[in-house]
Amino acid sequence: MESGKTVAGVLLGIGVGALLGVLFAPAKGSKTRQRIMDKGQDYADDLKGKFDELYQDVSSKYDGFLEEAKSALTQK
């Protein structure tokens, strides 16, 4: 789990850095708010994709486990 925490920390740091960079950029408030909304949407889409991948992975492992269990029961 250490590598997972490290990756999460790095991603969080990148996100915070990007947000701070946008906030302190010399732009109008409306442009800055739009940039924040766009970045937030990008991060939300990325996170949704990662959750979908995780769901598919867990689902396929569950299906494999279920098939192995059925196979083991029919062999006895």
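This is a predicted model: local features need pLDDT of at least 70, side-chain atom pairs count only at pLDDT 80 or more; totals for chains, interfaces and linings use all residues.

Visitor: Where is Asp45 found, and what is its relative accessible area?

Guide: Asp45 is found in helix α2. Asp45 has 43%, so it counts as partly exposed.

Visitor: Which residues form a nonpolar patch on the surface?

Guide: That patch is made of Leu12, Val16, Leu19, Leu20, Leu23 and Phe24. Together these residues have about 610 Å² of accessible area.

Visitor: Where is Phe24 found, and is Phe24 buried or exposed?

Guide: Phe24 is found in the loop that lies between α1 (2-23) and α2 (29-75). The cut-off for exposed is over 50% relative accessible area. Phe24 counts as exposed because its relative accessibility is 69%.

Visitor: Now salt bridges. How many does the structure hold?

Guide: A salt bridge needs a side-chain nitrogen of Lys or Arg within 4 Å of a carboxyl oxygen of Asp or Glu. The structure holds 2 salt bridges. In one of them, the side chains of Lys48 and Asp52 meet at 3.1 Å, N to O. In another, Lys61 and Asp57 meet through their side chains at 3.6 Å, N to O.

Visitor: Why are Lys48 and Asp52 separated by about one helical turn?

Guide: Look at their spacing in sequence. Lys48 and Asp52 are separated by about one helical turn because they are 4 residues apart in helix α2. Lys61 and Asp57 are also 4 residues apart in helix α2, so about one helical turn separates them.

Visitor: What is the relative accessible area of Lys61, and what is the relative accessibility of Asp57?

Guide: Lys61 is exposed, with a relative accessible area of 55%. Asp57 has 36% relative accessibility and counts as partly exposed. In the other salt bridge, with Lys48, Asp52 is partly exposed at 38%.

Visitor: Which residues are in contact with Tyr43, leaving aside its neighbours within four places in sequence?

Guide: For contacts, look past the sequence neighbours. Tyr43, whose place is in helix α2, is in contact with Ile14, Gly15 and Ala18. Gly15 is 28 residues from Tyr43 along the chain, and their C-alpha atoms are separated by 8.5 Å. Tyr43 is partly exposed, with a relative accessible area of 39%.

Terms used: Residues are numbered from 1 along each chain as its sequence is written. Side-chain values use heavy atoms; hydrogens and water are left out. Patches are made of residues with over 30% relative accessible area and no salt bridge: like charges are joined within 9 Å, nonpolar side chains (Val, Leu, Ile, Met, Phe, Trp, Tyr) within 5 Å. Accessible areas come from the Shrake-Rupley method with a 1.4 Å probe; for residues, only the protein chains shown count as cover. Helices (H or I, at least four residues) and strands (E, at least two) are DSSP runs, numbered from the N terminus. Buried means under 20% relative accessible area, exposed over 50%, partly exposed in between (1.4 Å probe, protein chains only). Contact means heavy atoms within 4.5 Å.
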